[in-house]
Amino acid sequence: MRKISRTLGTLALAAALFMNPLTTHGAAAEAPLPFKDISSSPALGQILLLQHMGFVKGYADQSFKPEQTISRAEFVAMLVAGKGYESEAVKQAAEKTAFNDVSGWVTGYINFAVNQGWIQGTGEGKFEPDKLITNAQAVAILMNSIGMRQSQSTEAGKPWYVNYYLADQNHHLGLVSAASKPNTNATRSYVAELIVKLLADVPLNPSTGRFDTKQATNNTAFAIRLYEDIVGSFKQASSSEAKQLDSLTLLNGQIIPLAANAAVYGDPVAGSGIWYVTNESGLATFVYVVSDKQDSLNRTGQWSKLWSVYQALKYDYYTVVDEETLVNGAIDGMLKSLGDPYTVYMNPVAAASFNSGITSSFEGVGTTLKEQNGALVISGILPGSPAEKAGLRTGDIILQVNGKDVAGMSSDELAALIRGPKGTVAEFVVQRPGTDGKLTVSVTRDTIIQKTVAGQMLSDSIGTISISRMSEPTTDEFHQLYTALQLQGMKGLILDLRQNPGGLMSSALLIANELVPNQKPLFQLEYRNGQRVVYVTQNDVEKPLPIVVLTDNGTASAAEILAAALSESADAVLVGAATYGKGVVQTTQGYADGSSVKYTESKWLTPNGDWIHKKGIIPNYEVSLPGAPSTQDTQLQKAEDVLKQRLQGQQ
């Protein structure tokens, strides 16, 4: 609940606690914008309601991470906030905790829950706040929170939670669903569902806030009043409108049949909005329904055409077709129709390759790739990698891998094709700019350790750090080297981002936060509705170190974000060539089969609000490298000259 991170396709936004989002532009909404990653969640409605009520908090990039598992501490914090006691928890943050392993922001929430009798420790003065909570543990704590504490089962062969589950069944609470596996770790979406059940489905006496079977008939009115108080009007459908509704279709496709003359509360427009309906036990059931235009299962509008084609192929095609292949092909075609090279469908193999690309090691050849003018190009080669030893070069255009034509592939699909077990061979056919004909290069795959940061002292006062890409270990590698160079007397830094294709946005922002002074903007995100979110630093940096940044056409994505932040917010000087120009951010949606969809969800802008997409960042000093056979690094030499002049000017 307090951690702030997110993966955004080839970029990732970990807007850590030091980065405060500031909303600008666009009309201010009366209610918060829905979280961006909940549209396919079965708990969509529950999450929306809790968000409107201010009872759940998402991440700084407007995500909620519904399928992310939740720790014991995060669960308690969400429950306390969801029941409206967050202010009380804050007051108890300074109290001495009953557990010797609890500290920090969660202390007040746990103290409150202990004082209310909701939770107990694990013995020996421990609560184990970072341990994941199971579905059964979550249900037990929720039942404790409404005064239904049960004794744990001591009967041989019976699980500890059996009495809680029996009580749930006997009192028709509905906290335990048939699909809920008691020993499975609870997700954020499951917890949201449970909390809404406390507010709506569980018979609750509004005056006492405790479980009371006599108050069951009042619960529907209580839930509606709660929604009206927080969000706004909540109308009951008229008789004629109610008769038109024989069922409600949820966003996840579930159809809820309505009994004759069922009391329906919600948006009076049939088929859309947030609703409460009366279920068989007389309690309010919270659902979120969508219009026909939004719900593909209604088979209306353009969806009916897609459904018709699917049905025709499934039943009438001259050979048996695989349903999964049809669905995946439809998704792939839908994404390709956008003409966006960064919006792609990744099968399980490609998705695994994509995910491993941001970790510290993988098995492959050691190249980074980019899509350029319809071609797949090697944008970088890791030093000492099999690719470098075999003779591949940055700028090589890949035509084939192991006899397979790569035309039409995305860079992620090609990366999946290139990677493979250590010791196997990947045979490349490439076109090398400046040479005639095609080259065939055989590369033996190996384990690639992605050490992404290197550097040294160039003189008594100037240090240099090069970053090859932005991956998970990059932040720590940079911090360690930057600290070491400072201890050696570094007074000015040359940061080499040439041929850095980007990667994790979190790494770029964390590095920028170490160099950019406090309360300075790092970058902006702009969404389709014009809403902008500006991220600023929070650190103890008062004055920036004199910095020169080296860039070229291979400096892309997260590397461009870092270069722009240093240039506009830390007075850094850029030397080299214009950057690549990728000014869009992707998010990924994963699926149970291991596949993923990556799509562009926003623009990113420089601190000054410039959009560099397809334009790149023009350096202060444009310097070209000499052609072969010269190996002189004229760009680095210029950077050193510029930095020396700046340091002399400070003396």
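Strands β19 (residues 462-467) and β20 (residues 492-496) run parallel and pair over five bridges; two strands count as paired if DSSP finds at least two bridges between them. Helices (H or I, at least four residues) and strands (E, at least two) are DSSP runs, numbered from the N terminus. The model is predicted, so local features need pLDDT of at least 70 and side-chain atom pairs 80 or more, while totals for chains, interfaces and linings use all residues. Residues are numbered from 1 along each chain as its sequence is written, and side-chain values use heavy atoms, leaving out hydrogens and water.

Back to that pair: Ile462 sits opposite Gly492 in β20. Both strands belong to an open sheet of six, in the order β18-β19-β20-β23-β24-β27, with mixed pairing. At its edges are the two strands below, each pairing on one side only.

| Edge strand | Residues |
|---|---|
| β18 | 453-457 |
| β27 | 621-622 |

In general, strands of a sheet pair through backbone hydrogen bonds, either parallel or antiparallel.

Leu313 lies in helix α10 (residues 302-316). This Leu313 is partly exposed, at 30% relative accessible area, which means it falls between buried and exposed (over 50%).

Conventions. Buried < 20%, exposed > 50% of the residue type's maximum accessible area, 1.4 Å probe, protein only.
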